[in-house]
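Have a look at the structure first, and then follow the points below.

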Amino acid sequence: MEKILDIYTRMLRIRRFEEQVGVLFSQGQLPGFVHLYVGEEAVGAGVCATLRNDDYIVSTHRGHGHVIAKGGDFNRMMAELFGKATGYCKGKGGSMHIADFSIGMLGACGIVGGGIPMAVGAGLSAKLRGTDQVSVSFFGDGASNEGSFHESVNLAAVQNLPVLFVCENNQYGEFTPMEKVTGVRDIALRAQGYGIPGVIVDGTDALAVYEVAQTAVARARAGEGPTLIEAKTHRKGGHAEGEKAFLAGGVYRSAEELAQMQAKDPIVLLHKRMLEMGVATPNDLEELDQTITQAVVESVAFARRSPDPKPESIYEDMWV
Amino acid sequence: MAKKTYVAAIKDALAEEMRRDSTVFLMGEDVRLGVFAGTRGLHAEFGDARVIDTPISELGVAGAGVGAAVTGLRPIVDLMFGTFLYLALDQIVQQAASARYMFGGQAKAPIVYMVQNGGGISAGAHHSQAVHPIFMNVPLLKVVMPSNAADAKGLLKAAIRDDNPVIFLSPLSLTGSRADIPDGDHFVPLGKGEIKRNGRDVTICAAGAMVQKSLLAAEILAKDGIEVEVIDPRTLKPWDEEMVLESVARTGRFVAVDESKPICGAASEWAATVSEKAFSFLKAAPQRVSGKDVASPFSPILESAVIPSVDEVVAAVKRVM
């Protein structure tokens, strides 16, 4: 029961943070560009709820959700998105490079598939150091067509590493439907090519994600090797915020598809289920929402009042 | 002091550092058998966990090294040939080199990528390139290229102990070369050059396999009364520009000798630095001797026409006199 509330809290923290980021971006208040995790919350939250603080995750360009799911701090995240000195990376990383090594979050990654080898290396490190830590690589359906994915899964398989390969299949690589550019319908099938288990899970069902992740984590901790989990999910927004502007009216998703996706909102689904199960009262969940929303608002205030990085800090954090 | 081959020196450095620090481990294709013999025999002492034969997956292995490095280990990734680094470029540039800076100093990535660099043994286009300028152009990588077995040992030990990502390039043509290697914990700090020969008339800066050629050129020129100072920077980034500038301030003439290509090559960087910072001392325009701007041909006659020769170094020195 407590775990369900924990997972829901992680999801709602992601949702409210991302909604705020979307608003700030549309108002032109954030430099650069952002890829929001809205709609995919059940995956990051369900997986990270099975992890310890000292377990590792490596994320993607759509990485805010993973940071929050692993226990990241709103203030330092928001400050990073504003490019402030108080941000996680002192303004040097931005949306696609947020990391928090103190909670095992080894960084988001701007290159599709670029983070996967690192996650394998963290798993190798755990094995060589003789710990029972596990390492999770989050990536998308698009990344499963990168060489880095195939090299990494094979390496983890032959070395029997404690790694979870979590494919967040949101059906689109940027604006291209997955089936147009992918030789298989199910990314999980690719596990067979490397002799490891491949599992498909409904990525909008947080508890189902939690369950398959738990099994994979237990396997990894027991020294039984990696698992590929394919979570079928949806991104509620675009590839990047503000994409309408640069798509110049071009449309790539039908109204019908968007409506179907709306009906599978993972937070709405879990909310309903929790009430049915008696995990929480509507009042409890409303209070939780208010607390989270307030924390998001405070993070924006924190970011705004934070100092800008000094130009001369470009020469800091170079060589050790 | 004992005379040893270049690969024996590499092996000694690896074994000594692996004994000294249990977080150091080695991985790559066939490191157990050791294609260049520099890693041969280490498996017998350190076992499967610390001498890891990997799949032929340069990108994946290079990136796995970064993951291991940022979580507390000190990987040495042997990718065999410099040209194989191209397959791993994304992970080396975007992760190994960038991690510390882009994460605001949260991480350090103490990792060594070890390869053979350059040509000279008719290995053909895909195995004979001097790749170092590509990595000199990457922020926050260190790039090391020894010119002899003794430096190879000392620099490799320094690279392994360094907390930053290091590209360690062994000149392919020097694999079987021998040198006297000081006994004990022979250590050569990164970023420090060495004056290989003193001279009052011209300064040559040369690295890797070009050092020996420059020394041979200096001997020939000495017979004509031209005294050449030869400097080996040993580390290409960060490089010992003070040593070169100080020398040029005395000689007033500069020749840069490097196996890589002329456009944005190491010689270009050295010549530009000298022109910019020692212009008032110069009696002639700095000259470059670089590899010809073509792919590496196979035939020994063609390959030696591409790689800088002793004659070309002599001619370049005469141009500045």
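Is the crossing of H4(A) and H12(A) right-handed or left-handed?

1. The crossing of H4(A) and H12(A) is right-handed (a crossing is right-handed if the near helix is turned clockwise from the far one by less than a right angle, and left-handed if anticlockwise). Before going on, please note that this is a predicted model, where local features need pLDDT of at least 70, side-chain atom pairs count only at pLDDT 80 or more, and totals for chains, interfaces and linings use all residues. Residues are numbered from 1 along each chain as its sequence is written, chains are lettered from A and ligands numbered from 1 in the order in which they are written, and side-chain values use heavy atoms, without hydrogens and water.

2. Two packed helices are described by the angle between their axes and the distance between the axes. In chain A, helix H4 (residues 74-81) and helix H12 (residues 282-305) have axes that come within 8 Å and cross at roughly 45°. That makes H4(A) oblique to H12(A) (under 35 degrees is roughly parallel, over 145 roughly antiparallel, 65 to 115 roughly perpendicular, and the rest oblique). Helices here are DSSP runs (H or I) of at least four residues, and strands (E) of at least two, numbered from the N terminus.

3. On the H4(A) side, the residues that meet H12(A) include A:Phe74 and A:Met78, and their partners include A:Ile292 and A:Phe302 (contact means heavy atoms within 4.5 Å). The residues of this contact divide into 9 nonpolar, 2 polar and 2 charged.

4. Over all chains, the structure holds 8 aromatic pairs (ring centres within 6.5 Å; planes under 30 degrees apart are stacked, over 60 edge-to-face, the rest tilted). A:Phe101 and B:Phe103 have ring centres 5.8 Å apart and planes at 50°, so this pair is tilted. A:Phe101 lies in a loop of chain A and B:Phe103 in a loop of chain B, so the pair joins two chains. A:Phe101 counts as buried at 19% relative accessibility (buried is under 20% relative accessible area, exposed over 50%, partly exposed in between, with a 1.4 Å probe and protein chains only). B:Phe103 is buried too, at 0%.

5. A:Tyr172 and A:Tyr252 have ring centres 5.5 Å apart and planes at 75°, so they are edge-to-face. The two residues are 80 residues apart, and the pair links distant parts of the chain. Together with A:Phe175, they form one aromatic cluster.

6. Finally, look at B:Ala68 in helix H3 (residues 58-69) of chain B, buried at 0% relative accessibility. Its contacts beyond four places in sequence include A:Gly121, A:Ser125 and B:Phe25.

How values were computed: Axes fitted to C-alpha atoms, helices over the stretch in contact; angles between N-to-C directions. Nonpolar A, V, L, I, M, F, W, Y, C, P; charged D, E, K, R; others polar. Phe/Tyr/Trp six-rings, centres within 6.5 Å; stacked < 30°, edge-to-face > 60°.
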